[in-house]
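My notes go below the structure, in the order I looked things up.

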Amino acid sequence: MAVEQPTAHVGGQPPVHAGEQSRIHNIGYRNYDGPRLGRAYARRSLYSQSLRGAYGLGRSVKSKVLPMLLFVVMCVPALIMVAVAVATKAKDLPVDYTRYAIIMQAVIGLYVASQAPQSVSRDLRFKTVPLYFSRPIETADYVRAKYAALASAMFILTAAPLLVLYVGALLAKLDFTDQTKGFAQGLVSVALLSLLFAGIGLVISAVTPRRGFGIAAVIAVLTISYGAVSTVQAIADAQNSTSAVPWLGLFSPVTLIDGVQTAFLGGSSSFPGAEGPSSGQGVVFLIVVLGLIAGCYGLLMRRYRKVGL
């Protein structure tokens with residue numbers, strides 16, 4: 001409702017009385033009588049929109065180019081391997097399912113570096129996070145939705161080429177049992193990789209509202225750590241310190257996943273000298289991976305509790 005006040009005495013004219021000038025206008029404000037969908041709906045909506053945004057869906061054409069290009073780059077080598085296996089009537093695939101993501105880790109790292117800042121940096125830069133928390137959604141809802149969306153996007157990126165390899169292997173009439181077992185092991189491996197890489201990418205990106213800084217920092221952490229660990233492992237192997245080679249793999253996200261799948265998922269190690277971790281060492285690798293995933297979630301919760309104040 002809006003009420004107009006009487007006009008003042010102007011130019012020697014007598015004032016207009018309130019009863020003659022005041023008007024009450026109905027400008028249409030009404031109470032909302034529809035359903036209250038609550039936190040669960042808000043969380044699902046945030047998850048679906050973040051997942052779509054990770055591939056540029058619902059955004060400009062420019063935003064779709066890089067994620068779609070990286071998706072194609074991930075799948076093309078698998079298609080080539082399948083074509084070779086079918087044409088040559090090979091008895092096995094050129095690459096194990098668990099090895100594919102390790103070989104393509106540079107592409108995966110670039111995807112994380114490009115999409116993790118896109119997921120959270122804009123909310124920080126434009127200070128929209130407190131607006132999320134002004135609704136029924138809470139800090140945990142926001143963090144879980146963002147984490148799950150990026151991990152799901154990465155799982156799609158890493159599992160799609162494995163599906164191509166699996167379908168191609170069946171078309172090439174390779175052993176069904178062996179291929180199904182290898183495919184399942186590969187899916188477990190890339191699921192762990194997706195959770196770990198998504199957590200690391202989001203934690204780094206949540207530190208700065210500037211997307212460029214986030215991209216550079218994620219690439220540096222994933223790439224430099226892998227290069228440094230691989231170099232030190234090669235030096236240790238050349239110095240006949242083979243017992244130290246598996247333990248050095250604890251200091252890089254890529255080599256952590258490599259160690260877990262070598263110990264438990266039948267993968268072949270990419271460590272120098274092919275000295276992958278034993279089952280006992282693999283338990284340590286798995287604990288570290290799960291600890292890092294939980295730690296990333298905890299750091300994100302602390303960060304957004306402060307931001308939402």
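I started with lysine 173. Its relative accessibility is 75%, so lysine 173 counts as exposed. The model is predicted. I placed lysine 173 in the loop between α7 (139–171) and α8 (176–205). Its phi is positive, about 60°, although lysine 173 is not a glycine.

Next I checked lysine 89. It has a phi near 55°, again a positive value in a residue other than glycine. Lysine 89 sits in the loop between α3 and α4. I noted a relative accessible area of 73% for lysine 89, which is over the 50% cut-off, so lysine 89 is exposed.

I found a negative patch formed by Asp92, Asp96, Asp175 and Asp178. Aspartate 92 belongs to the loop between α3 (61–88) and α4 (97–103). At 46% relative accessibility, aspartate 92 is partly exposed.

I searched the whole structure and got five aromatic pairs. Tyrosine 97 and phenylalanine 183 pair edge-to-face, with 6.1 Å centre to centre and 65° between the planes. This pair links distant parts of the chain: tyrosine 97 is in helix α4 and phenylalanine 183 in helix α8, 86 residues apart. Both tyrosine 97 and phenylalanine 183 are buried.

Phenylalanine 183 also pairs with tyrosine 166, stacked at 4.6 Å centre to centre and 10° between the planes. Tyrosine 166 lies in helix α7 and phenylalanine 183 in helix α8, so this pair ties together parts 17 residues apart in sequence. I read 12% relative accessible area for tyrosine 166, which is buried. For phenylalanine 183, also buried, I read 14%.

Technical notes
Residues numbered from 1 in each chain as written. Predicted model: local features only at pLDDT ≥ 70, side-chain atom pairs only at ≥ 80, totals over all residues. Heavy atoms only, no water. Patch = residues over 30% accessible without salt bridge, like charges linked within 9 Å, V, L, I, M, F, W, Y side chains within 5 Å. Areas by Shrake-Rupley, 256 points an atom, 1.4 Å probe, with all protein chains shown as cover. Salt bridge = Lys/Arg side-chain N within 4 Å of Asp/Glu carboxyl O. Lys, Arg positive; Asp, Glu negative; His and termini not counted. Charge placed at Lys NZ, Arg CZ, Asp CG, Glu CD. Helix = DSSP H or I, 4+ residues; strand = E, 2+ residues; numbered from the N terminus. Buried < 20%, exposed > 50% of the residue type's maximum accessible area, 1.4 Å probe, protein only. Phe/Tyr/Trp six-rings, centres within 6.5 Å; stacked < 30°, edge-to-face > 60°.
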